[in-house]
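Dear colleague,

Please find below the structure that I am handing over to you, followed by an account of what was found in it. I would be grateful if you could read the two side by side.

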Amino acid sequence: MKTLLKQVRLSYPSLFKASAYGDSEPKFSATMLMDEGGETHTKLMEAIEKVAKEEFGDKAKAVLKKQDDNSMRRLVKIGNEKTDDEGDVADGYADMVFMKASNKVKPKVISRAKQELTEADGKPYAGCVVNVQVDLWAQNNSYGKFINCKLLAVQFWEDGESFGGGASADLDAFDEGEDEADGEDW
């Protein structure tokens with residue numbers, strides 16, 4: 001079921017180059033953060049339930065509960081549980097929920113005006129606000145029963161505070177002076 005997640009914050013984007021973790025197959029991916037209980041989160045949970053009911057019928061609630069009880073398989077995760085090595089909540093994740101989506105195929109990446117974006121454009125980036133189209137689908141095979149999420153497209157919506165961008169240069173910290181014309185090394 002194609003689902004549009006509106007105005008979510010983008011985290012860990014791998015939109016232009018596929019990335020692999022460990023021995024896994026390289027994939028394009030993104031993590032979307034949204035307000036817990038907000039409109040986007042509510043619509044996402046309704047869509048997940050609909051896909052589960054279509055595939056699993058009366059067993060849908062049990063399948064979703066089993067998936068949620070498994071921290072590795074949980075589709076929508078609690079931001080306050082995403083911590084760094086010191087136990088601090090990850091930047092931007094406090095009081096949010098998040099979901100990761102991936103795809104072997106490169107997703108469409110567009111601007112607010114629906115123009116194709118490239119990596120050289122510098123957008124989207126971790127921390128910006130985006131609209132994301134995902135495909136929620138039910139897995140029902142020998143590997144288990146779950147609801148999964150495939151990344152289809154990302155639309156840059158607006159700038160946001162960059163995650164993990166590091167400090168920017170403060171040129172006012174430098175002294176002002178005359179340019180040296182003699183080429184001395186320092």
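A residue is called buried when its relative accessible area is under 20%, exposed when it is over 50%, and partly exposed in between, with a 1.4 Å probe and protein chains only. At 30% relative accessibility, Lys123 therefore counts as partly exposed.

The model is a predicted one, in which local features need pLDDT of at least 70 and side-chain atom pairs count only at pLDDT 80 or more, while totals for chains, interfaces and linings use all residues. Residues are numbered from 1 along each chain as its sequence is written, and side-chain values use heavy atoms, with hydrogens and water left out.

Overall composition

The protein has two helices and seven strands, where helices (H or I, at least four residues) and strands (E, at least two) are DSSP runs numbered from the N terminus. Read from the N terminus, the order of these elements is β-β-α-α-β-β-β-β-β. Of its 186 residues, 36% count as buried. Taking contact to mean heavy atoms within 4.5 Å, residues 24 or more positions apart account for 68% of the contacts with a separation of 6 or more.

The two helices

Helix 1 (residues 39-56) and helix 2 (residues 60-69) have axes that come within 8 Å and cross at roughly 125°. Helix 1 is therefore oblique to helix 2; angles under 35 degrees count as roughly parallel, over 145 as roughly antiparallel, 65 to 115 as roughly perpendicular and the rest as oblique. The axes are lines fitted to C-alpha atoms, for helices over the stretch in contact, and angles run from 0 to 180 degrees between N-to-C directions. On the side of helix 1, Ile48, Glu49, Ala52, Lys53 and Phe56 take part in the contact, and they meet Ala60, Val63 and Leu64 of helix 2. By class, this contact comprises six nonpolar, no polar and two charged residues (Ala, Val, Leu, Ile, Met, Phe, Trp, Tyr, Cys and Pro count as nonpolar, Asp, Glu, Lys and Arg as charged, and the others, Gly among them, as polar).

Salt bridges

Six salt bridges are present, each being a side-chain nitrogen of Lys or Arg within 4 Å of a carboxyl oxygen of Asp or Glu. One of them joins Lys17 to Glu119, with the closest N and O atoms 3.8 Å apart. This pair links distant parts of the chain, for Lys17 is in strand 1 (residues 2-19) and Glu119 is in the loop between strand 5 (108-110) and strand 6 (129-141), 102 residues apart. Lys17 is exposed, at 56%, whereas Glu119 is partly exposed, at 47%.

Another salt bridge is formed by Lys123 and Asp159 (3.7 Å, N to O). Lys123 lies in the loop between strand 5 and strand 6 and Asp159 in the segment after strand 7 (144-158), so the pair ties together parts that are 36 residues apart in sequence.

Two buried residues

Tyr125 is also placed in the loop between strand 5 and strand 6, and counts as buried at 19% relative accessibility. Leaving aside neighbours within four places in sequence, Tyr125 is in contact with Leu10, Pro13, Phe156, Asp159, Gly160 and Ser162.

Ser29 lies in strand 2 (residues 27-35) and is buried, at 3% relative accessibility. Beyond its neighbours within four places in sequence, the contacts of Ser29 include Tyr12, Pro13, Lys100 and Leu151.

With kind regards
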